[in-house]
Amino acid sequence: MKFTDRIFEKYQSTWRKNHEHPFVKELGAGTLDSNKFRFYMIQDYLYLIDYSKLFALGAVKAPNLEVMTVFANLLYYTMNHEMALHRKYASRFGITEKELEEAKPSPVSLAYTHYMLAVAQNGSIAELAAAHFACAWSYWEIGCELAKIPGAKEHELYGDWVKMYSSEEFGQSAQWNLDLLNQLAEGKQESELLRLEEIFLNTTRFEYMFWDMAYHQQMWPTDEKVQL
Ligand SMILES: Cc1ncc(CN)c(N)n1
């Protein structure tokens, strides 16, 4: 049995919670408050900067050129295609690129990206692949589900998001993630597979927290800034 089949079988109910989150549901229905989406876009842009660093670390840790090429492709795709969507939305919202890059991460964004990067820095290459799998695959599944809703792809504000995450190119990049994880998990001992499962479960739960953070526009309890 492939490792990804095993985790989907075991953790299906936690996995599906992301698809059912009100942020996702309302985005698909076109009823999501645009302020929530604007907040999400900024936080997600910051998230993707760190997510890209994860792929760069994957290229450094890759055991061979084939795996290194997959990480290089994922890095390229994220920075040039996925993040281009966010830059386009930012300009629609009147947010400059400078403002985007200088925005501060929320506590949940910070916890999520730091967790992923800690696994990437300290863990094996298989652990690193387990840390980004839930991110890519859940967006692909959600994108495809929302694309089936009549009018979702044509929605004036959310249509581009739905089109992006249900596109063939995004599907191909998600498939790279899945194949890579299965390849790297092959032949591992049970104790190592359980460690990969734990990482998958944690990142799946972080995905839920990220939707929730955006839905409630959660920042820090005080808005104090670093003082000069
Ligand atoms: C939080 C999050 N997770 C996953 C993805 C899809 N790369 C994303 N854009 N943002």
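## Stop 1: Met213

Select Met213, which sits in helix α11; helices here are DSSP runs of H or I with at least four residues, strands are runs of E with at least two, and both are numbered from the N terminus. This is a predicted model, in which local features need pLDDT of at least 70 and side-chain atom pairs count only at pLDDT 80 or more, while totals for chains, interfaces and linings use all residues. Residues are numbered from 1 along each chain as its sequence is written.

Is Met213 buried or exposed? Met213 is buried, with 22 other C-beta atoms within 10 Å. The cut-offs are these: a residue is buried if 20 or more other C-beta atoms lie within 10 Å of its own, exposed if 12 or fewer, and partly exposed in between, with C-beta atoms placed from the backbone.

Contact means that the C-beta atoms of two residues, placed from the backbone, lie within 7 Å.

## Stop 2: helix α7

Select residues 107-122, which form helix α7. The helix has 16 residues and reaches 22 Å from its first C-alpha to its last, close to the 22 Å expected at 1.5 Å a residue. The expected span is 1.5 Å times one less than the number of residues.

Which residues of α7 are buried? Colour Val108, Ser109, Tyr112, Thr113, Met116, Val119 and Ala120. They lie on the same side of α7 because they cover an arc of only 125 degrees around the axis, the arc being that of the directions from the helix axis to the C-beta atoms. Turn to the other side of α7 and you find His114, Ala118, Gln121 and Asn122 exposed. To see what covers the buried residues of α7, show α4, α8 and α11, which are among the covering elements.

## Stop 3: the ligand

Select the ligand, then Asp44, Tyr47, Leu48, Glu82, Cys135, Ala136, Tyr139, Glu207 and Phe210, the residues around it. A residue is counted here if its C-beta atom, placed from the backbone, lies within 6 Å of the molecule. Two or more residues of this shell come from each of α4 (34-61), α8 (125-147) and α11 (190-215).

How does the shell divide by residue type? There are six nonpolar residues, three charged and no polar. In this count Ala, Val, Leu, Ile, Met, Phe, Trp, Tyr, Cys and Pro are nonpolar, Asp, Glu, Lys and Arg are charged, and the others, Gly among them, are polar.

## Stop 4: Glu207

Stay with the shell and pick Glu207, which lies in helix α11. UniProt places an "active site" feature at Glu207, in an unreviewed entry. UniProt positions are given in the numbering used here, feature names are shortened, and annotations may be inferred rather than shown by experiment. Glu207 is buried, with 22 other C-beta atoms within 10 Å. Not counting residues up to four places away in sequence, Glu207 touches Asn18, Ala134, Cys135 and Ser138.

## Stop 5: two residues of α8

Select Ala126 in helix α8. Ala126 is buried, with 21 other C-beta atoms within 10 Å. Beyond its neighbours within four places in sequence, Ala126 is in contact with Leu184, Ala185, Lys188 and Leu196.

Next go to Cys144, also found in helix α8. Cys144 counts as partly exposed, with 16 C-beta neighbours inside 10 Å. Draw a C-alpha distance from Cys144 to Ser167: the two are 8.3 Å apart in space and 23 residues apart in sequence.

## Stop 6: after α11

Select Gln217, in the segment after α11. Its phi is near 45 degrees, a positive value in a residue other than glycine. Most residues other than glycine have a negative phi. Gln217 counts as partly exposed, with 14 C-beta neighbours inside 10 Å.

Finish at Val226, which is in the segment after α11. Val226 is exposed, with 5 other C-beta atoms within 10 Å. Tyr76 and Val226 are 33 Å apart in space, C-alpha to C-alpha, and 150 residues apart in sequence.
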